[in-house]
Amino acid sequence: MAEYKPEQIRNISLIGHGGSGKTILTEGILYTTGVINRFGKIEEGNTVSDFNKDEIEKQLSISSSLMNTAWKDSKGTAIKINMLDTPGFMDYIGDVISSLRITDTTLVLVDAFKGVEVGTEISFKYTKKYKNNIVFVVNKLDTENANFEEAVKQIKESFGNEVAVAQFPVDEGMGFHKIIDLIKMKQFTFDTTGKGEYKVEEIPEDLKAKAEDYHQNLIEAIASEDETLMEKFFEGGLTEEDIYNGIKLGMKGRKLFPVFCTAAVKNIGVRTLLDFICDFTESPADKSPEVAFKAGTTDEVEVKPDVNGEPVLLVFKTMSERNVGEFSFFRMYSGKVSAGMDLVNSGTGKTERLSQVYSMNGNERKEMSEAICGDIAAVVKLKDTHTNNTLCTKSNMVELKKIEFPEPNMTLAVFPKRKGEEDKMGMAMHSFHEEDPTFMMTYDTEINQSLIHGQGEIHLNTIINRMKNKFNIEVETAEPRIPYRETIRSKAKDIEYKHKKQTGGRGQFGHVVLTLEPTGRGEGFEFVDEIVGGVIPGRFIPAVEKGIVETMTNGVIVGSKVIDVRVRLTFGSYHTVDSDELSFKLAATQAFKKGFKDANPVLLEPIYNVEITFPEEFMGAVSGDISARRGKILGMETEGRLQVIKATIPLSEMSGYSSKLRSFTQGRGTYTRKFSHYEDVPKEVESRIIADYEKQKAEENK
Ligand SMILES: Nc1nc2c(ncn2[C@@H]2O[C@H](COP(=O)(O)OP(=O)(O)OP(=O)(O)O)[C@@H](O)[C@H]2O)c(=O)[nH]1
Ligand SMILES: [Mg+2]
């Protein structure tokens with residue numbers, strides 16, 4: 001491949017709701033630019049981007065894939081375009097976020113019939129954080145019910161006044177192949193054979209007025225970003241050069257979100273979109289310096305996009321391939337790297353050798369002589385470097401800002417189907433976490449279960465499926481046990497227990513008197529030794545405390561941890577021969593259990609803060625369901641065309657929530673959740689939990 005300078009690179013991500021056509025548009029770009037000579041189809045499972053077995057089976061993208069190609073700008077300069085095609089299904093949001101973090105411009109695809117959908121809204125939110133330049137692409141304009149104006153109306157409602165139409169379709173619907181371009185003020189007539197070529201024509205008479213209207217709107221949008229342009233606009237209009245510069249400026253400052261037209265599957269509008277990308281979108285050289293930190297500190301330093309600077313790169317994704325090992329995908333923020341180079345992982349201080357540098361097209365890799373500042377590429381077999389690590393030089397130890405992945409909002413308990421595969425399962429899960437930081441596995445000692453956490457049921461099922469395919473490990477899942485807590489609401493005074501055993505030789509004797517009382521919520525456990533006159537010798541007192549702590553860990557009512565209790569040891573007695581630590585421990589255990597039951601014990605349950613995003617028409621269904629789950633609505637707000645409800649819901653009522661929410665919002669509702677606090681379980685629920693626990697205990701003891 002030709003040598004490029006940073007000015008000749010464009011880093012583009014494609015985001016948008018599932019099915020809006022991102023993968024096909026990527027395929028169209030690769031076909032148009034000659035990377036492939038057969039235009040793959042989703043239905044045939046032969047696109048460059050969706051190469052994973054499960055993506056082919058499900059006919060949708062699950063992971064992001066990196067592709068690259070080249071095109072020429074209007075001056076004839078070769079431009080390298082790196083593209084990240086991301087999944088639109090929000091369970092797989094992790095790869096959307098990492099792609100946005102390291103690309104400069106994002107194409108936001110909108111289905112011309114379905115308009116703005118939940119996935120469009122959610123993924124767009126992250127573009128604000130990573131300050132991506134935005135290009136809207138209204139795709140599928142060849143479908144029967146395509147409605148460009150309605151789609152634009154929705155885009156404006158959702159994403160604001162920065163939205164400006166840069167193209168409109170002449171003949172949307174089945175016969176779509178003509179586009180009016182409002183920057184060039186020409187009509188582009190595409191051939192209908194799929195080649196993607198087009199003729200430039202004058203705008204037909206009957207569309208001139210409409211084009212002029214749209215053109216004026218676009219010019220106004222461009223002018224309104226900048227005072228000098230505004231003045232010029234009022235004084236006599238903008239020149240072609242003003243318009244070109246204004247578009248670039250507006251895009252860069254996120255003040256202009258131009259809207260383009262495509263029918264990706266028919267390769268219509270793809271060439272003109274490529275032209276726009278090359279001429280108007282930012283190159284890595286145009287970007288402001290990256291704010292990073294001096295390694296191991298919070299001191300900010302700038303990493304300038306300088307090809308002659310010290311090499312600095314961020315690993316934003318890893319992928320393991322059976323016969324090759326682990327691929328690490330990275331973006332260069334400064335300097336350049338080539339095969340054989342040693343860099344340092346600024347998080348661990350360890351040296352890593354870049355044995356080969358690859359440019360990627362899906363799972364096809366090609367060796368590259370070097371990757372320069374701004375480029376995106378991959379290396380294999382780094383020893384101990386993962387997503388979010390920075391590689392740099394010893395003399396310039398910096399850490400680039402990390403990708404912030406969302407908290408998991410779905411948890412399942414897992415067990416291997418075949419006994420003895422626990423360790424193997426753990427290792428496989430760990431490798432999935434390395435590839436996808438939005439997935440995690442933990443072992444919860446409190447409930448004694450291995451748990452997997454992710455973005456939704458489908459996300460977790462995808463991982464389980466991949467585990468079976470890749471590692472031949474089959475697992476079963478269950479709802480995790482709920483980590484209830486037990487505490488008391490009143491005082492139990494002078495609870496006495498005497499542990500006494502006389503068997504043959506030396507006996508056992510321990511005698512304690514305890515008072516139990518609640519401490520404030522969150523204040524924890526307190527043990528107060530109030531023994532006077534040595535009625536219990538000091539050497540036995542730690543055993544008393546130990547007995548209480550152990551009992552608290554194992555629980556008294558339903559086997560859950562006891563919290564927020566103060567225990568006073570007020571009195572007791574001992575026997576000079578028979579007393580020992582064990583006897584006092586046993587006595588304390590029994591006294592504590594007895595006292596606990598007398599002190600108005602209650603069960604507490606974990607309550608989660610939940611934020612649910614959905615189209616307004618489902619308000620009744622969503623809020624009704626929250627009440628049915630014993631939830632409380634804390635607030636509501638609108639975000640664009642969506643409704644957001646903030647609520648608290650007990651964890652025990654959240655099983656299967658992501659699927660349920662999806663089913664009654666026609667797949668359009670999503671939610672996030674985070675642990676908030678513990679609250680009393682209502683009495684009627686409590687009796688059911690206790691009865692269940694006792695039944696289970698009885699069965700175990702059979
Ligand atoms: N008629 C028509 N169909 C299209 C167009 N673009 C894509 N499709 C079809 O729409 C379906 C979804 O396309 P994809 O490219 O997989 O959509 P995506 O946005 O990548 O979807 P996810 O990966 O699930 O996020 C496929 O059947 C495509 O062939 C288009 O412009 N017109
Ligand atoms: Mg896709």
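Let me start with glutamate 526, whose bridge partner in strand 33 is arginine 566. Strand 32 covers residues 526-529 and strand 33 covers residues 565-573; the two run parallel and are joined by four bridges. Strands count as paired if DSSP finds at least two bridges between them. Helices and strands here are DSSP runs numbered from the N terminus, helices being H or I with at least four residues and strands E with at least two. Together with helix 12 (residues 541-554), strands 32 and 33 make a left-handed β-α-β unit. For the handedness, a crossover is right-handed if, with the strands pointing away from the viewer, the path from the first strand over the helix to the second runs clockwise.

Before going on, a word on the source. This is a predicted model, in which local features need pLDDT of at least 70 and side-chain atom pairs count only at pLDDT 80 or more, while totals for chains, interfaces and linings use all residues. Residues are numbered from 1 along each chain as its sequence is written, and chains are lettered from A and ligands numbered from 1 in the order in which they are written.

Now the whole chain. The protein chain has 16 helices and 37 strands, and its C-alpha trace spans about 110 × 60 × 50 Å along the principal axes. Of its 702 residues, 46% count as buried. Buried means that 20 or more other C-beta atoms lie within 10 Å of the residue's own, exposed means 12 or fewer, and partly exposed is in between, with C-beta atoms placed from the backbone.

Next, the cores. A nonpolar core is a set of buried Ala, Val, Leu, Ile, Met, Phe, Trp, Tyr and Cys residues joined through C-beta atoms within 7 Å. The largest one has 142 residues, and Phe136, Val137, Val138 and Val259 have the most contacts inside it. A second, separate core has 27 residues, including Val544 and Phe584. In soluble globular proteins, nonpolar side chains tend to be buried together.

Helix 3 (residues 93-102) is mostly covered, with 10 of its 10 residues buried. Among them are Asp95 and Arg101.

On to the ligand. Which residues are closest to ligand 1? They are Gly21, Thr23, Leu60, Ser61 and Gly88, out of 21 that surround it; near here means a C-beta atom, placed from the backbone, within 6 Å of the molecule. Helix 1 (residues 22-32) gives the largest share of that shell, three residues.

Lysine 401 sits in the loop between strand 24 (398-400) and strand 25 (410-416). Lysine 401 counts as partly exposed because it has 16 C-beta neighbours inside 10 Å. Lysine 401 touches Val291 and Ala292, leaving out residues up to four places away in sequence; contact means C-beta atoms, placed from the backbone, within 7 Å.

Most residues other than glycine have a negative phi, and most peptide bonds are trans. Glutamine 59 has a positive phi, near 60°, and asparagine 472 has a positive phi near 55°. Glutamine 59 lies in the loop between helix 2 (53-58) and strand 2 (65-72). Asparagine 472 lies in the loop between helix 11 (457-471) and strand 28 (475-478). Is asparagine 472 buried or exposed? Asparagine 472 is exposed, because 11 other C-beta atoms lie within 10 Å.

Terms used: Two residues are in contact if their C-beta atoms, placed from the backbone, lie within 7 Å.
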